[in-house]
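Visitor: I'm new to this one. Can you put it up and walk me through it?

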Amino acid sequence: MKRRKFIQQTSLLAGAALVAPTLMSAKNDASTKLVILHTNDTHSNIEPFSSSHPKFPNLGGVAKRATLINQIRSEETNVLLLDAGDIFQGTPYFNKFKGVLEMKVMNEMNYDVVTLGNHDFDIGISGYVQAKKHAAFKVVNCNYQLDKTTLKELVSPHTIVKRGGLKIGIIGVGIDLNGLIANDVAQQITYMDPIITVQNEVTKLRSKGCDYIICLSHLGFEYPNENKVSDVVLAQNTSGIDLIIGGHTHTFLAEAVTVKNKKGENTLINQVGYAGLFLGRIDVTFQQGIKSNTTTAAITVQHNLTV
Amino acid sequence: MKFTIVLSIVLIGAGVTACSSYLSPQLTRDSNLRVDQTITANSKIDSLVAPYKRELDKEMSQIIGRSLVDFLVARPSSNLGSWVADAALQYVVQEEQMNNEPVICLLNTGGIRASLSKGSITKGDIFKVMPFDNRLVAVKLPISVKTEILAYLKMTGGEPIAGFTVQNGVFVLSKESTSNDYIWVITTDFLANGGDKMLFFQNAIEKKAVNALLRDVLIQTVIDQQEIGKVNYSERINW
């Protein structure tokens with residue numbers, strides 16, 4: 001196992017036992033490791049927060065995020081870099097340059113796939129399309145009917161990314177835009193049920209032989225007192241999603257949350273607050289195994305955080 | 001900063017029954033990384049950002065108008081609160097052609113984050129007053145909302161308002177109403193969606209999203225008026 005120097009440098013996980021020894025020794029030649037890095041709700045935060053910020057002084061900044069990503073890329077073979085939407089809106093950079101700089105820096109960091117957040121419509125559909133010309137990454141969403149818009153060619157319900165022999169299916173899902181964005185923009189987009197549409201995409205991706213399925217979601221982590229589809233609700237009411245990378249609610253999770261899906265299997269949900277203050281990291285190791293009709297493994301993660 | 005994580009991963013073997021070879025994914029690490037100041041900035045990204053930053057800094061220091069007085073925010077009402085609410089009301093009435101509609105404006109004191117000092121006003125100053133990306137919304141509400149707004153203002157001690165005053169605890173519209181059934185309230189998307197517990201917005205008969213950030217409206221208002229503070233803002237709320 002490679003040494004993770006950057007962790008020691010950032011003193012983030014000093015002295016942490018990352019993986020139980022039993023699993024480490026179980027590692028063999030047939031295993032493939034996938035490192036999933038992700039952001040959400042970066043909201044045009046190009047520069048780090050100011051030193052006088054009441055909650056998060058000096059955190060964030062695209063140039064520092066890029067260093068962290070490059071460090072991980074130099075240590076790991078199979079890296080995915082994803083974003084769960086709301087790239088736009090939040091600093092004068094957006095108002096002034098209409099999302100162009102956000103797209104350029106994300107392109108420079110080599111993002112693979114992103115989804116659409118409600119604020120990504122803040123300069124209209126044409127504004128997003130214009131800015132997106134500066135970035136090569138894919139945009140996924142399966143529950144916005146975009147036929148009547150110029151986003152039609154830009155956005156696909158899912159995409160498949162290959163890494164180290166693995167086929168990773170990535171689906172995008174978004175929040176109901178009515179009331180959240182300008183009416184004239186919202187009217188061009190028909191909203192479809194997130195649970196039904198995501199499940200359809202999962203079925204397609206599984207039939208195409210995907211080894212792992214990630215859903216990039218801008219639904220929001222959880223709405224305890226509302227009858228509203230959140231990432232938790234989506235996870236509970238679908239099957240076949242391995243990981244949901246969420247956004248919208250600016251939820252800071254110290255690590256991913258495990259939810260039982262419709263079939264009683266585990267679906268992971270992760271979200272990293274907002275403004276690019278954190279970079280989400282999930283490592284998944286794939287081992288050659290024997291297919292079983294029942295769950296072959298249950299994973300218990302205990303954590304003890306002192307900040 | 002001390003930060004320890006203990007992870008233990010327990011694998012429970014299950015009845016292996018069949019059949020084809022497949023890749024089973026196991027979570028082997030899961031922790032979100034802090035992008036903190038100890039990390040060195042990537043020079044390529046820094047140089048990509050630099051020209052944009054220069055241009056932006058230049059624009060933020062651009063003088064867009066002058067203030068003749070110190071504009072402060074306070075409860076029950078204040079000159080800054082009243083100026084902001086007037087600007088929002090005027091913009092939406094004009095933009096949505098609501099001249100013949102009963103219309104008022106209600107914002108939140110907490111949403112105004114800085115004062116404006118007497119003298120020149122830069123674009124950056126307005127960004128400090130209104131750092132949030134709040135969009136304006138027109139909400140059509142049953143006339144009974146007047147009672148609820150009064151109760152709310154009494155409870156909080158006052159918010160920025162325009163188009164009406166509270167005189168000796170009575171709701172007084174600034175111009176004669178054209179309806180006894182409803183009233184339009186101009187506010188921000190944050191408040192219209194339940195922010196600051198203005199729950200009466202949940203009774204909306206109709207909502208019109210106005211495609212404008214309140215901050216942009218304020219910047220345009222300074223540019224249009226050039227000198228602000230000529231008007232004396234009297235107290236708008238008294239009980």
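Guide: Here is a short tour, one topic at a time.

Guide: This is a predicted model, where local features need pLDDT of at least 70, side-chain atom pairs count only at pLDDT 80 or more, and totals for chains, interfaces and linings use all residues. Residues are numbered from 1 along each chain as its sequence is written, while chains are lettered from A and ligands numbered from 1 in the order in which they are written.

Visitor: How many helices and strands does chain A have?

Guide: Chain A has nine helices and 14 strands. Both are DSSP runs numbered from the N terminus: helices are H or I, at least four residues, and strands are E, at least two.

Visitor: What share of chain A counts as buried?

Guide: Of its 307 residues, 48% do. Buried means that 20 or more other C-beta atoms lie within 10 Å of the residue's own; 12 or fewer is exposed, in between is partly exposed, and C-beta atoms are placed from the backbone.

Visitor: Which residues have the most contacts inside the largest nonpolar core?

Guide: Ile36(A), Ile214(A) and Leu216(A), in a core of 89 residues. A nonpolar core is a set of buried Ala, Val, Leu, Ile, Met, Phe, Trp, Tyr and Cys residues joined through C-beta atoms within 7 Å. Apart from that core lies another of 55 residues, including Phe200(B) and Leu214(B).

Visitor: Back to Ile214(A). What does it touch?

Guide: Leaving out residues up to four places away in sequence, Ile214(A) touches Ile168(A), Ile170(A), Asp242(A), Leu243(A) and Ile245(A). Contact means that the two C-beta atoms, placed from the backbone, lie within 7 Å.

Visitor: And Val161(A): where is it found?

Guide: In strand β7 of chain A, residues 158-163. Val161(A) counts as partly exposed, because it has 19 C-beta neighbours inside 10 Å. Beyond four places in sequence, its contacts include Leu80(A), Asp112(A), Ile168(A) and Ile170(A). Val161(A) and Cys210(A) are 49 residues apart in sequence, with their C-alpha atoms 9.3 Å apart in space.

Visitor: New topic. Which residues of helix α6 of chain A are buried?

Guide: Tyr128(A), Ala131(A) and Lys132(A), in a helix that covers residues 124-132. Down the axis of α6(A), these fall within an arc of 100 degrees, so they line one face of the helix. The arc is that of the directions from the helix axis to the C-beta atoms. Helix α5 of chain A (100-108) is among what covers them.

Visitor: Chain B now. How do α2(B) and α6(B) pack?

Guide: Their axes are 10 Å apart, at an angle of about 95 degrees. Axes are lines fitted to C-alpha atoms, for helices over the stretch in contact, and angles run from 0 to 180 degrees between N-to-C directions. The two helices are therefore roughly perpendicular. That label takes 65 to 115 degrees; under 35 is roughly parallel, over 145 roughly antiparallel, the rest oblique.

Visitor: Which residues meet there?

Guide: Val84(B), Ala87(B), Ala88(B) and Tyr91(B) of α2(B) meet Leu214(B), Val217(B), Leu218(B) and Thr221(B) of α6(B).

Visitor: Is Gln89(A) buried or exposed?

Guide: Gln89(A) counts as buried, because it has 22 C-beta neighbours inside 10 Å.
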